[in-house]
Amino acid sequence: MIARTRQKKPKQCSVKGCKRANYCKGLCGLHYSRLRSTGTTEPRPKKICSVEGCTRPHHSKGLCGIHYRRLRYAGTTDPRPKTVCSLEGCEGKHVARGFCRRHYDQLIRAKRQQLLVSTQKLDLTPTPARTGQRQDSAQRPVSRDRVMTRRR
Ligand SMILES: [Zn+2]
Ligand SMILES: [Zn+2]
Ligand SMILES: [Zn+2]
């Protein structure tokens, strides 16, 4: 006797604790779509990165590994590329080491000054004078006066 055995369709979502109505395959709409997208009806772990739009799993201090590292190194989770001077309030275009031209120059100058001071402190003996070295050989500006001659 071949009879269509109609399976009893559950009226409710089969997920434990879920009382939503059955939508498909014994699951409610929510759980069905979750199963389709994530492969499980389990809710996502609540601990994910707190950065907006980031769904990576939580790593530390409410952030995913990437954002945690970014916060540590860059001081911000802001994903903005380093195209702007990192100095607060400065909108200068990024040139090097997170600074704009002006602030980078300042940094270099300060470092040089520090270096000068420290070397002066450390190195009291005068550097041996280099005799017999000509300095006029290098860095002579090559004049490139290739003026386009007009053809008449
Ligand atoms: Zn459900
Ligand atoms: Zn993140
Ligand atoms: Zn700057």
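Biologist: What pattern does the protein chain follow when it is read along the sequence?

Modeller: In this predicted model, the secondary structure of the protein chain amounts to three helices and two strands. Taken in sequence order, these elements give the pattern α-α-β-β-α.

Biologist: What percentage of the 152 residues of the protein chain count as buried?

Modeller: A residue has to have 20 or more other C-beta atoms within 10 Å of its own to count as buried. Applied to the 152 residues of the protein chain, that criterion gives a buried share of 7%.

Biologist: Among contacts between residues at least 6 apart in sequence, what percentage join residues at least 24 apart?

Modeller: A contact here requires C-beta atoms, placed from the backbone, that lie within 7 Å. Of the contacts in the protein chain between residues at least 6 apart in sequence, those that join residues at least 24 apart make up 2%.

Biologist: Why is Val51 classed as partly exposed, and not as buried?

Modeller: Val51 is placed in the loop between α1, residues 29-38, and α2, residues 65-74. Val51 is partly exposed because the number of other C-beta atoms within 10 Å is 19.

Biologist: Lys25 and Lys61 both have positive phi; which of the two is exposed?

Modeller: Lys25, in the segment before α1, has a phi near 50 degrees, while Lys61, in the loop between α1 and α2, has a phi of about 55 degrees, and neither is a glycine. Lys25 counts as partly exposed because it has 13 C-beta neighbours inside 10 Å. The exposed class requires 12 or fewer, so with 10 other C-beta atoms within 10 Å, the exposed residue is Lys61.

Biologist: Which residues is Ser86 in contact with, leaving aside its neighbours within four places in sequence?

Modeller: Ser86 lies in the loop between α2 and β1, the latter being residues 94-96, and it is partly exposed, with 16 other C-beta atoms within 10 Å. Its C-alpha atom is separated by 9.9 Å from that of Gly75, eleven residues away along the chain. Beyond its neighbours within four places in sequence, Ser86 has contacts with Gly98 and Phe99.

Biologist: How far apart are the C-alpha atoms of Lys93 and Thr83?

Modeller: Lys93 is also in the loop between α2 and β1, and it counts as exposed because 12 other C-beta atoms lie within 10 Å. Leaving aside neighbours within four places in sequence, Lys93 is in contact with Thr83, Val84 and Cys100. Lys93 and Thr83 are ten residues apart along the chain, and the separation of their C-alpha atoms is 5.9 Å.

Technical notes: Residues numbered from 1 in each chain as written. Chains lettered and ligands numbered in written order. Predicted model: local features only at pLDDT ≥ 70, side-chain atom pairs only at ≥ 80, totals over all residues. Helix = DSSP H or I, 4+ residues; strand = E, 2+ residues; numbered from the N terminus.
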